[in-house]
Amino acid sequence: MTYSQRLSDGANSSDIIYLEYQIGTTKEKLRIALEKQETYKRELSELKSSPMRNASEDSSEEQILMEKASQTKNLIETLSEQLEQLQETLAELGD
C-alpha cells in the first residue's frame, strides 16, 4: 500500500512518517553493523593467516576481535527483529 493510500484510509500521517523514519534509521544501523561484522571477520582471517604471528599477542587480539564480532552479531539480530516489528506495525496501519 502506498503512502497516500494509507493516508486516505485514515491512518495518522505522523505515525506513518515516524515509522518510515524509524525503518530507515534501523536499516542504516543494520547496514553499518553488517559492514563491521565483515571487517572483524576479515581482520580475524588476516590475523590467523599472518606468517609473522606472535602466538601470545595474536591470541589476545584474536580474543578481542571474536568478542567484537559476537557483540556485532547480537546487534544485527536485535536490529533485524526491530526492523521486522516496525515493518509489521507499518503494514498494520495500512490495514
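In the predicted model, Lys 73 pairs with Glu 77 in a salt bridge, with 3.6 Å between the closest N and O atoms; a salt bridge is a side-chain nitrogen of Lys or Arg within 4 Å of a carboxyl oxygen of Asp or Glu. Both residues belong to helix α3, where Lys 73 and Glu 77 are 4 residues apart, about one turn of the helix. Lys 73 counts as partly exposed because its relative accessibility is 45%, and Glu 77 is likewise partly exposed at 38%. Here buried means under 20% relative accessible area, exposed over 50%, and partly exposed in between (1.4 Å probe, protein chains only). Side chains of opposite charge can pair when their charged atoms come close.

The model is predicted, so that local features need pLDDT of at least 70 and side-chain atom pairs count only at pLDDT 80 or more, whereas totals for chains, interfaces and linings use all residues. Residues are numbered from 1 along each chain as its sequence is written, and side-chain values use heavy atoms, with hydrogens and water left out.

The secondary structure of the chain consists of 3 helices and 0 strands, and the order of elements from the N terminus is α-α-α. Helices (H or I, at least four residues) and strands (E, at least two) are DSSP runs, numbered from the N terminus. Of the 95 residues in the chain, 23% are buried. The accessible surface of the chain is about 6800 Å², and 50% of this area belongs to carbon and sulfur atoms; accessible areas come from the Shrake-Rupley method with a 1.4 Å probe, and for residues only the protein chains shown count as cover. Among contacts with a separation of 6 or more, 68% join residues 24 or more positions apart, contact meaning heavy atoms within 4.5 Å.

The structure holds 4 salt bridges. In one of them, the side chains of Glu 28 and Arg 31 meet at 2.4 Å, N to O. These two residues are separated by about one helical turn because they stand 3 residues apart in helix α2. Glu 28 is partly exposed, with a relative accessible area of 36%, and Arg 31 is partly exposed at 37%. A network of salt bridges links Glu 28, Arg 31 and Glu 35. Helix α2 also contains Glu 38 and Lys 41, 3 residues apart, whose side chains form a salt bridge at 4.0 Å, N to O.

Individual positions in helix α3 were then considered. Thr 72 lies in this helix and counts as buried because its relative accessibility is 8%. With residues up to four places away in sequence not counted, Thr 72 touches Ala 33, Lys 36, Gln 37 and Tyr 40. Gln 87, also in helix α3, is partly exposed, with a relative accessible area of 37%. Under the exclusion of residues up to four places away in sequence, Gln 87 touches Ile 23 and Lys 27. Gln 87 and Leu 19 are 68 residues apart in sequence, yet 8.0 Å separates their C-alpha atoms.

On the surface, Glu 81, Glu 84, Glu 88 and Glu 92 form a patch of negative charge. Patches are made of residues with over 30% relative accessible area and no salt bridge, like charges being joined within 9 Å and nonpolar side chains (Val, Leu, Ile, Met, Phe, Trp, Tyr) within 5 Å. Glu 88 lies in helix α3, which spans residues 55-94, and counts as partly exposed at 41% relative accessibility.

Methods. Lys, Arg positive; Asp, Glu negative; His and termini not counted. Charge placed at Lys NZ, Arg CZ, Asp CG, Glu CD.
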